[in-house]
Amino acid sequence: MTTPPTALNVAIIGTGVIGAAWASGFLAAGHSITAFDPAPGAEERLREQVKNNLAVMDGGQAPAADRLRFADSLAEAVTGADFVQENGPERLEVKQSLLAEIDAAVPRPAIIASSTSGYAPSEISTHAASAPERIIVGHPFNPAHLIPLVEVVPSPSTRAEVAEEALEIYRSVGKKPILVRAELPGHVTNRLQAALWQEAYSLVDRGVVSVADIDTAISYGPGLRWAILGPLALQHLSGGAGGMRHLLEHLGPPQEVWMHDLEQVHLGEGLKAKLIDGVDDELTGRDEEAMTRQRDDMLLRLLELKADFDQLP
């Protein structure tokens, strides 16, 4: 396994919400950032967002400003980079063009990771001519400066050492990366979310429950447990002394009935209106900026709690 150097030169291409979150995480871990985004005012917005993110992450104490540089061009940003994190718009043709440009400019040993939420690395690297096999997916989750999960997806042509090095780099910034061993639309976690959303949308569409009831059911029910250990390990615990084997033998048959009863949905205008109106009703009178701050504060407390328990035998 390759161990990344203590301090990396990281190029951040695209500095919107996700790019700024990546920059914040790498800076907080002691790495140096060179960023590029062609949008007017991008540097000012990036520096402000990084400042705000670091204030949430560590009280703003990290001496990071002198390790953040904004380049005048993409080629300048990736010159000398050890690792590149691309965060361009989620449109296939844009990703393909942007990654081809990065691939042509970045030094050959460097890994190029895309934050794409759904495209496969073999799709987005189609136009890359230099070393497309070093292009992988490194997909974070919003708010990406706080949520530890990163999905690392290699293409079929990616060498195992490249994926391993990417995993180590993400661990070096406090992430909890998982290796996705096949290219699938949406990777893994978005597919798991989509399965839940499908049934949630269906239940709302059929008038079984309200939007607010769906959110209560998850956030005050299984969501609390899932944040602790994950759905499969928790199933094992629910099986008592017999563990997962006992649970599947006794509850597997009814679970299978429920699975087969789940309905496909179409996001037509009628269903979209029900969902939008339901969320509006649920959040009436609530300050969304305050909700975002509360979400981040609760995430930090939960992560601290998980870290404390992770150290127990």
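This is a predicted model: local features need pLDDT of at least 70, side-chain atom pairs count only at pLDDT 80 or more; totals for chains, interfaces and linings use all residues.
Trainee: What do the values rest on?

Mentor: Local features need pLDDT of at least 70 and side-chain atom pairs count only at pLDDT 80 or more, while totals for chains, interfaces and linings use all residues. Residues are numbered from 1 along each chain as its sequence is written, and side-chain values use heavy atoms, with hydrogens and water left out.

Trainee: What makes the contact of K95 and E86 a salt bridge?

Mentor: The term asks for a side-chain nitrogen of Lys or Arg within 4 Å of a carboxyl oxygen of Asp or Glu. For K95 and E86 the N to O value is 2.7 Å, so the pair qualifies. The structure holds 13 salt bridges.

Trainee: Why is K95 called buried?

Mentor: Buried means under 20% relative accessible area, exposed over 50%, and partly exposed in between (1.4 Å probe, protein chains only). K95 has 1% relative accessibility, so K95 counts as buried. E86, at 0%, is buried too.

Trainee: How do you know that R171 and E168 are about one helical turn apart?

Mentor: They are three residues apart in helix α6 (residues 160–172). Helices are DSSP runs (H or I, at least four residues), numbered from the N terminus. The closest N and O atoms of R171 and E168 are 2.6 Å apart, in a salt bridge.

Trainee: Is R171 buried or partly exposed, and what is E168?

Mentor: R171 has 39% relative accessibility and so counts as partly exposed, whereas E168, with 17%, is buried.

How values were computed. Helices (H or I, at least four residues) and strands (E, at least two) are DSSP runs, numbered from the N terminus.
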